Amino acid sequence: RNFNGKTWGYSIKSTDRGSFASLLGFKEGDLIHRIGKYDIDSMSAIYKAYRRILKSNPKKVVVVYSSEDTPGKKKVVTFFKVDVKGQ
């Protein structure tokens with residue numbers, strides 16, 4: 001989403017093995033815009049969104065993001081409960 005002409009979101013800086021981002025399948029350079037109904041602008045916003053969402057025991061979590069390969073195109077990925085268990 002654009003805000004005053006700038007892209008809004010949080011860029012994944014690294015995907016070290018076992019990191020939260022890598023466990024969810026993101027790659028370095030991916031830009032996360034939204035998780036569920038929550039806008040994302042920092043890693044702490046990602047953690048907050050997941051904690052809030054998982055408390056409601058969802059069947060799935062929808063994430064809107066764009067990748068370095070296709071920066072102008074937003075993608076949607078759906079994580080099902082099994083994918084986010086323990087996060």
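**Fold, contacts and surface charge of a predicted protein chain**

Among the elements of the protein chain, mean pLDDT is lowest in strand E1 (residues 2–3), at 48, and highest in strand E5 (residues 38–39), at 91; pLDDT is the predictor's confidence in each residue, on a scale from 0 to 100. Helices (H or I, at least four residues) and strands (E, at least two) are DSSP runs numbered from the N terminus. The model is a predicted one, so local features need pLDDT of at least 70 and side-chain atom pairs count only at pLDDT 80 or more, while totals for chains, interfaces and linings use all residues. Residues are numbered from 1 along each chain as its sequence is written, and side-chain values use heavy atoms, with hydrogens and water left out. Over the protein chain the mean pLDDT is 76, and 76% of the residues reach 70 or more.

The secondary structure of the protein chain consists of three helices and seven strands. Followed along the sequence, the pattern reads β-β-β-α-β-β-α-β-β-α. Of the 87 residues in the chain, 31% are buried, where buried means under 20% relative accessible area, exposed means over 50%, and partly exposed lies in between (1.4 Å probe, protein chains only).

Gly9 sits in the loop between strand E2 (6–7) and strand E3 (10–11) and counts as partly exposed because its relative accessibility is 23%. Ser11 belongs to strand E3 and, at a relative accessible area of 27%, is partly exposed. The C-alpha atoms of Ser11 and Asp30 lie 5.7 Å apart, for a spacing of 19 residues along the chain. Phe26 is located in the loop between H1 and E4; with a relative accessible area of 7%, Phe26 is therefore buried. Its C-alpha atom is 7.3 Å from that of Thr15, 11 residues away along the chain.

Turning to charge, side chains of opposite charge can pair when their charged atoms come close. The structure holds one salt bridge, defined as a side-chain nitrogen of Lys or Arg within 4 Å of a carboxyl oxygen of Asp or Glu. The partners are Arg34 and Asp39, whose closest N and O atoms are 2.4 Å apart. Arg34 is partly exposed, with 29% relative accessible area, and Asp39 is partly exposed at 33%.

Patches are made of residues with over 30% relative accessible area and no salt bridge, with like charges joined within 9 Å and nonpolar side chains (Val, Leu, Ile, Met, Phe, Trp, Tyr) within 5 Å. Accessible areas come from the Shrake-Rupley method with a 1.4 Å probe. Lys and Arg count as positive and Asp and Glu as negative, leaving out His and the chain ends; each charge is placed at NZ of Lys, CZ of Arg, CG of Asp or CD of Glu. A positive patch brings together Lys37, Lys48, Arg51, Arg52 and Lys55. Lys55 lies in helix H2 (residues 43–55) and counts as exposed because its relative accessibility is 74%. A negative patch is formed by Asp16, Glu28, Glu68 and Asp69. Here Glu28 occupies the loop between helix H1 (20–23) and strand E4 (31–35), and is exposed, with a relative accessible area of 51%.
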